[in-house]
Every structure is written in C-alpha cells, then in structure tokens.
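Please read this briefing with the sequence and the 3D view side by side.

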Amino acid sequence: MIPALRVRQLFHAIEEYQGADVFLDVVDPWLDEHAGAVREALAPLADFGGWTRTEYEFGDPLETAYALSRVSDALIYKLQPLLPPGSDIPWAHHFREPESWPHVTRDQYVGGFARLGMVPIGEVPFEPFFHEVVEVAQHEHLGAPVEITGTVWPGLMFGEMLFSRSGVMVRAGAQHLVAGIADRSLLHGVFVRRSRETSDGSLGWGHNSQWKTDFRRDYLTDAAFHFDVDEKPDSDQDFFGEPRRLTPAERSDLVRHRCLIRPLQNPAASESACPGGRLTVSRT
C-alpha cells in the first residue's frame, strides 16, 4: 500500500476512535508499522528545490504530506481554545462532531512526529513563517511589535520544509495585528481549527477526491523564507486577468500569515481574499 493511503487510514482511525488514549491505542502502533515508509516517502520534500512534480501520480509526496497534515490537525484540535460563543459554525465542523476529536498531550504529539523525521520549531521571536496566531491581545500603542505571550501547540519542521506552524497567543499593536481579524479571519491551507473557519481546498469534495489536495510548501533557507513554492509568482492580475483587489502589501501579508491580519483598504475585497502566489522574503 502506498504511504499516502496508510496515512489516510491513520486519519480515519483517529476520527473513529472512542477510547481513552488514542496515541497509545492507535498512533503508536501505526508508527511501529508505517513510520519508516512514510518518512521515506516524504524525504524528497525536505530540501528546498529538491523535488518538483513533473507529472501527476496519485499519492505523491505532496498528497502524502497533505494527508499527514490532516492527522496533525486532528491531534492538536483539543489543545486549542473553544470556538467563541455566538460564532458561526466553521464549515469543517459540519463534517464531524468537532468536540469528539480525541486528545493527545504535547509530548505525545512531538514524540510521534519525531519518528517521522519532524523537529520542533522551539522558542523563536514572532515570525509568520513559524507562527499561527491563535489569539490577539490588543496593545494600547498602535505600533507595539508582536510579542508572543503563550504557545498553544508546537510547530514542526521537516528538514528545510515547514510542516506545521506553532499556534501562539500574542500581544500586538493594531498596526501589526488586529484582534478579531488576525485571530478570527478565514485561515487558508488548514483542514480544521477549533476556534476559526478554515479552507484547505479539500472541503466540499468527495470521499476520495478530497485527498488529492496538495500540501502547501514553505521553506526556510539561510538567505530567505520561501512561501507557497508550488504556486506561480504573485501578479497584479488574478487568474482571469482582472486587476487584483488587494494591495501588494495585503497580498504579501495574506501569503505569509495565511489569513487577513488587518482591515483591508477595500473592505469589499475581504470575502474573496485568498493567497495568490509564491513569495520569497529575505531573512535580512
């Protein structure tokens, strides 16, 4: 069986689990049997520029990584804060009773993914490459820089490739992040979160078609952060040749953060705003 299908089986086993310790009963035995094959299947993605899809093949490294990202989303779900009272129910929550996802500890999560070759990001200053904003406390000074006040779940790297960002609580001035937008707007490239709407390209597709979703690849090199490397370069025109409604700075923020972080210059553009091209940002 190809590794992508093995990872899908793990996801469904987690999804259907009704016991007290999903890691001990489901994840650990699966790792004993399949960790080596899955790690080998992901290996071509570890280095920036090391693998490019030349022709489509079912279950290739991008699809394997996507399936594993859904496993990750399921396992970190209970580490996250609850959906705020009165919020609209996120679309992904309609496909499964969200509070029935099983619980794992941080140590179990990190230890399990370490067996697949993942390394924790650790404690670094706020950077949207590494960090997903879970909650914003608004600083009284507009220009106050983003300060991490707590980590909700750990992020993971696979070689130079980002596998998952750390979920963090922050305090920031409104020039940088606005509470209620940076922590509540639609989050792109993610299957499910407990406290906000998400969209990863799989939602709305059939039982098998949804698993043909590609994993979004971001890379860290000595010189730069490389975002969404499998997309075409950003352009002032959309797919249909029409002028984009977001400014270049807004488009850059959307690619880097995967969500809106401040009010847009054109508020009407918020409903259709989505990341629109690969981006390279110098580390200097």
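Helices (H or I, at least four residues) and strands (E, at least two) are DSSP runs, numbered from the N terminus. This is a predicted model, in which local features need pLDDT of at least 70 and side-chain atom pairs count only at pLDDT 80 or more, while totals for chains, interfaces and linings use all residues. Residues are numbered from 1 along each chain as its sequence is written, and side-chain values use heavy atoms, with hydrogens and water left out.

**Histidine 226**

- Histidine 226 belongs to strand β10, which covers residues 224-227.
- With a relative accessible area of 9%, histidine 226 is buried, a term that means under 20% relative accessible area, whereas exposed means over 50% and partly exposed is in between (1.4 Å probe, protein chains only).
- The side chains of histidine 226 and threonine 221 are joined by a polar contact of 3.0 Å; such a contact is a pair of N or O atoms within 3.5 Å, where within protein one must be able to donate a hydrogen and the other to accept it, and residues adjacent in sequence count only if both atoms are side-chain atoms.
- If neighbours within four places in sequence are left aside, the residues in contact with histidine 226 include Phe48, Phe129, Arg217 and Leu279, contact being heavy atoms within 4.5 Å.

**Helices α1 and α3**

- Helix α1 (residues 3-16) packs against helix α3 (residues 61-76) at an angle of about 15°, and their axes are 8 Å apart; axes are lines fitted to C-alpha atoms, for helices over the stretch in contact, and angles run from 0 to 180 degrees between N-to-C directions.
- That angle makes α1 roughly parallel to α3, since angles under 35 degrees count as roughly parallel, over 145 as roughly antiparallel, 65 to 115 as roughly perpendicular and the rest as oblique.
- On the α1 side, the residues that meet α3 include Val7, Leu10, Phe11 and Ile14, and on the α3 side those that meet α1 include Ala67, Leu68, Val71 and Leu75.
- Sorted by class, the contact of α1 with α3 has eleven nonpolar, one polar and two charged residues, where Ala, Val, Leu, Ile, Met, Phe, Trp, Tyr, Cys and Pro count as nonpolar, Asp, Glu, Lys and Arg as charged, and the others, Gly among them, as polar.

**Loop residues**

- Glycine 277 sits in the loop between α5 (248-257) and β11 (279-282), and it is buried, with a relative accessible area of 3%.
- Not counting residues up to four places away in sequence, glycine 277 touches Glu231, Lys232, Pro233, Asp234 and Val255.
- Arginine 258 is also found in the loop between α5 and β11; it has a positive phi of about 70° although it is not a glycine, and at 9% relative accessibility it counts as buried.
- Aspartate 228, in the loop between β10 and α5, has a phi near 50°, a positive value in a residue other than glycine, and it counts as buried at 10% relative accessibility.

**Arginine 106**

- Arginine 106 lies in helix α4, residues 106-114, and counts as partly exposed at 38% relative accessibility.
- Although arginine 106 and leucine 75 are 31 residues apart along the chain, their C-alpha atoms are separated by 9.5 Å.
- A polar atom of the arginine 106 side chain lies 3.2 Å from the backbone oxygen of valine 152.
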